[in-house]
Each structure stands twice: as structure tokens, then as C-alpha cells.
Amino acid sequence: MVSRFRRPRSLALGLALSVGAAGAVWYALPSREEAPGPVVIRADQGGYISTEHKTAFAMGPDDKLAGARFEVVDDTGRVALAGAPGPRTGAWNAAYDSVRVLDLSALTKAGTYQLRLTGSADATSAHFTVAPANELMENLAADNVRFFQAQRDGADIVPGILGREPSHLADRSASVYAVPRYNDDGTELTAPLRKVGGPLDVSGGWFDAGDYLKFTHTASYATAQLLLAQRSLPATPGLAAEARHGLSWLDKMWDGRTRTLYAQVGIGAGTKDLHSDHDVWRLPEADDKLNAQDGDADHLVEFRPVFPANEPGAPLSPNLAGRVAAAFALAAQTDAARDPDGARRWLEKAAAVYGQADTHSPRTLVTTFPHAFYSEDSWQDDMEFGAAELALAAKVLGDDRAARWQTQAGDWARAYLASGNLDTLGVSDVSAPAHADLLRLGPSQAVVADLRRQLADGERRAAKDPFQAGAVYTDFDAVPHAFGLVATAALYAKATGDHHYDAFAAQQRGWALGANAWGTSFMIGTGEVFPHCPAHQVANLAGSLTGRGALLRGAVVNGPNGAKKLSGRDTLESTRACEAGAAEWKRFDGKGARYLDQVGAWQTVEPADDFTSTALLAFALSAT
């Protein structure tokens, strides 16, 4: 997996760092289980599709599980299924030296259930549901949409349960600055910022994660995924409007007149005399009330800089060009039937951005400033994605460029396969949806083989893991990579008719939603155990710290990470201290991985747009 760093709080320059600030809440891990004992049960708290392969796990000492039986009881207490645990899949840690599979596949009747162990072991699971695919997946996807609504910036906000207010209205007339220069590790500016243009309206869009920066790199990824999800599950409440919100902001970031693409709004690392977005913990609307003057430390917190991805008319970093073109071309496809003139305008914007890509001598790819926030090595996949969506849009609109773009998409697919930068679906690799839509244009054995490669790599990892996890949970982005594998399995099945990886996909979705060593869903509000203390400013300052009430519902977090990566967990002044179940989580750590539900643990509980959009796409594709 490609490792990258998400909004490292260690870059915040240590301005008034404190732990245990006002409003501190400390409480035990909420669960229907007893306090962690010798045996626990782990199930998919997001629910199981009635017809799919269903897996849960029992974890404990081997001698305790040797004579165990399991029962599934419905909400009336009736036993709906009984059986014996399957073979041992391995040890997790010293306290839990045996993990056993509980096969629930025979449970097909819709309802709410709970697992319990009998015989030599005694344990009870969290509740879970069984439901038809469309019903279950639409509910989960609708929660993801709620997260994006909570992430909105600008005047067109959705107040929601967190009481969001309009924010960063100064973005309507933002100044453009030259690309900032940072030291090698991206922690500090090495030269003064230089204003080069403006004003520019870059208001709206979504906050990228738990902070308030806005990136074209991640916004184009998320917008494209929302549009793909809309294609598969169009009835999802709010999905079409949210995809349109993302498109509207991307449209502002592309200036077709000067042929300039803008990459970023806001600054994530400054100096001791110039505060960045990461130096202050606050609600976003507070930035509009700073009354900062030029030269004040908070000046660029209120009047946020805009950084271009290219000089006017100059070639564009191909990763950005490809994925922005894909988002615009998907808009053209979406609008083709109801608004063909509008669809053609989207097509022309997509063609202009795609045609400006620097595909001859790209060096360091433009993602964010500093680059360390989102490092990326591959770009041929982005160009394949852009070309494939352009070809599909042109085809539906009767544009004679369709064949040329289809040929180019095939060429970029081959270039990606030869690049040596092969990964699975995530913000740094969009080859899976690119391949799938290329296959809608025509057959390609090489492309099918690469989709199979992505899934087979995950399947091999899962075969060696006690909880059958296909993602690497000692590195960043474990949970979104798990959802990426779910989405890829669905794309592969739809493209080929081969359902070999369906059971694997169900296991990966289950792992991300509770069937893991920690027994927690990594999607806020899903199940009985989920993150209560996300590293997210709005959720922390305006939301609940107890898992009830005002939640950042539908947000997907990173999940477990390498234990060594969690050494630094500073929080900024004004943070409401929150930690859920620290002792219990530690008991479940293993295999070099650690999980914390603590507001300072951005490495495990910071939500992000790309995390959540990948889950949303996985749910939408799994609905049919």
C-alpha cells in the first residue's frame, strides 16, 4: 500500500498545545458486551446482505474456544441458527491466542440478531441486522451523504444536527499566491508567501477532513466517486445534490479563460509568525470574525490563500488533470439525458483540462502544499480515468471524439500496468474505476487481469490474517483500502460476470464495520460500537462526545494503524478532551497495530472525504 500522511498534527508548530482542555469527557468503551473477558465475538455491525456469505469471529484462549458452540438469536429470543465455530485462523495477541470463524451464511431471513457463545465459552455480540442488499446499502450510503453535508463550506451549508453555519465567506474574493516553498519534511515555510493575483471566488466545496483546507486533489476524487455511486444507487437521499455541490466547487477551481487549475484553498503549515489552518482549533465560522489585518499572525486563517496547480496556460500535473477531467466527464454523462446542452459544456471543460496534462516530463506530481499531506507516485491511472469517462460521455452525446478518447484510455491503461506503481483503490490510485469504465467501452484481457490482481493481492493477505483482512492495518488508510477492495470486487463482478470475489468483499466490508479485533465499526453512527472522539473540529466542538445525540454520522475514519505511528497525539488549545475506552482498546491491539478512540489520535480517528466517498461507492455498488 502507498503510505501517506493525513493532516499531521505534529506539523502544527506547537502553538499552545494542551491535553485535558475544558469540557473533558472520559468514559469506558460503550458496548453490549461485558467488560473484555477471555472470549469476545466480532460481527459486522453494519449488517449482512440476506443472500451473501456471512462471517463473524470468536476470539479468545484456544482452550476456551475448543468446546464452544454458537447461537444466533432474533429480537424475540428465538434461536434462528446454531453451530460450532470453524477452524482456528490464527492467534491475534498474547491474551487472544485463537480466532475462530462463525459461519452465518445460512441466516437469510431479514431481522435483527445477536450472537452468543455457549459450552466452554460465554460471550455475547453486538446486535446486527440481516436485510436485502438495496435496503441495507442505501441506508449506509445515506449516512455517508450526511457526512458530506456536514463538510460543506461557504454559504450553501446544511445546518444538520451539528448546527453548521455559513463559513469562510471571504473565499468569495480570495487572493492567489505563488506556490509555497517548504522544508524537506513539509513542516515550515522556507520563503515568504507572494501574492500574484485575485480576487477569485473559491467559496463552497467541502472541508477535506477534520481541518478546513480544501484540495482539488481530494475533492475531484470524492466528487467522481459520488457521481459513480449515483449511477448505481440514484435513490440515495441527498446524493445527487451532494455530487452537484462538489462539481460546483471544482468548476470554480478551473479557470477555462486563462487555462489555470487551482489546487488548494488555505495553508496547512506556516511559521511561528504566520498561523496556518492547523494551528487553531475552532469552528469554521469563527474565521470570518477574526478581523485580522495584513501582517497579523491570523491573517491567512481569515483571508485564505489560493494556490495554483499551474501557471496560466502551462501544462498540468497529469494526476490532477486526469481526475478533474473524469469528474467533469461524469457530470456530462449524468446530465446527458435531461440537459444535453449543459452536458456538452461539462464535456468541453473535461476535454480542456484533460488536454492540458503534462504527460511527457512530470516530476513531482502536484497534490497538495506541502506534498507530504498527500503523496502520490502514479498518474497514468488518472489519465486512463479521464479518457475513459470522456469517451463514455462523448458516446452518449454523439460526439465524434469518443473513439479517440477510448483508444487513449486503453493506451493509458497499458502505461499504468507498465509503470511499476500498482496499488488498489484509494485516493492515490483510481485504476479500478478507470478499468471498469474502460471495459464498458470494449473488452480488454489485460485490464480484467489487473482488476483480478488487485483483488487477488488482497485475498492473499486475507488468507494469512486471523480476521481475514485484505488491507494493511499497520499503515495509513487501512479502512478506506478495505472499502476500496469491496468496490473493486463489485466493479469486477459487474464487468466480467465473475463472482469469485463476492465472499471476499463481504468479509472486507464486515472487517471495516465491526468484524475486527477491536470489535468496532470504523464508520461513525454505524452499529453499537463506533468512534466517539473523532479528530474533527466541528464534531469535537459542536457535537456529542458520548456516541449519542449530535454525531458526525456516516464519517469513515482511518481505523487501526501501526503502533509506532501513534507516538504523537498532541491536541490544540480549545480542544474538548475526549477518550473512549483506552484500556479496552489496548487489550485488543495486536500484530503491530494499534487503535485509539481519542481526539488527538488523528492517525486512527480522523475522518476524511476520500475515506467516506470510497465507502459510499462500495455501498452503492454492493446494492445490486
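Me: What share of the contacts in the protein between residues at least 6 apart in sequence join residues at least 24 apart?

Reply: That comes to 76%. A contact here needs heavy atoms within 4.5 Å. Keep in mind that this is a predicted model.

Me: How do you know that the radius of gyration agrees with a compact globule?

Reply: Set the two values side by side: for 624 residues the globule rule gives a radius near 25 Å, and the protein has 24 Å, so the two agree. As for the box around the C-alpha atoms, it's roughly 75 × 60 × 40 Å along the principal axes.

Me: What makes a residue of the protein count as buried, and what percentage of the 624 do?

Reply: The cut-off is a relative accessible area under 20%, and 63% of the 624 residues count as buried. The accessible surface of the protein is about 21,500 Å², with 51% of that belonging to carbon and sulfur atoms.

Me: How many aromatic pairs does a search of the whole structure find?

Reply: It finds 22. Take Trp92 and Tyr473, whose ring centres are 5.7 Å apart with 55 degrees between the planes.

Me: Why is the pair of Trp92 and Tyr473 called tilted?

Reply: Two checks. Centres have to lie within 6.5 Å to pair, and 5.7 Å passes. Then the angle: under 30 degrees would be stacked and over 60 edge-to-face, so 55 degrees lands on tilted.

Me: What does the pair of Trp92 and Tyr473 tie together?

Reply: Parts that are 381 residues apart in sequence, because Trp92 is in the loop between strand 7 (88-90) and strand 8 (98-103), while Tyr473 is in the loop between helix 11 (445-463) and helix 12 (478-496).

Me: Why is Trp92 called buried, and why Tyr473?

Reply: Trp92 has a relative accessible area of 4% and Tyr473 has 10%. The limit is under 20%, so both labels hold.

Me: Which residues do ring pairs link into a cluster?

Reply: Phe57, Trp92, Phe467, Tyr473, Trp511, Trp518, Phe522, Trp585 and Tyr595.

Methods: Residues numbered from 1 in each chain as written. Predicted model: local features only at pLDDT ≥ 70, side-chain atom pairs only at ≥ 80, totals over all residues. Heavy atoms only, no water. Rg over C-alpha atoms; globule rule 2.2 N^0.38 Å. Buried < 20%, exposed > 50% of the residue type's maximum accessible area, 1.4 Å probe, protein only. Areas by Shrake-Rupley, 256 points an atom, 1.4 Å probe, with all protein chains shown as cover. Phe/Tyr/Trp six-rings, centres within 6.5 Å; stacked < 30°, edge-to-face > 60°. Helix = DSSP H or I, 4+ residues; strand = E, 2+ residues; numbered from the N terminus.
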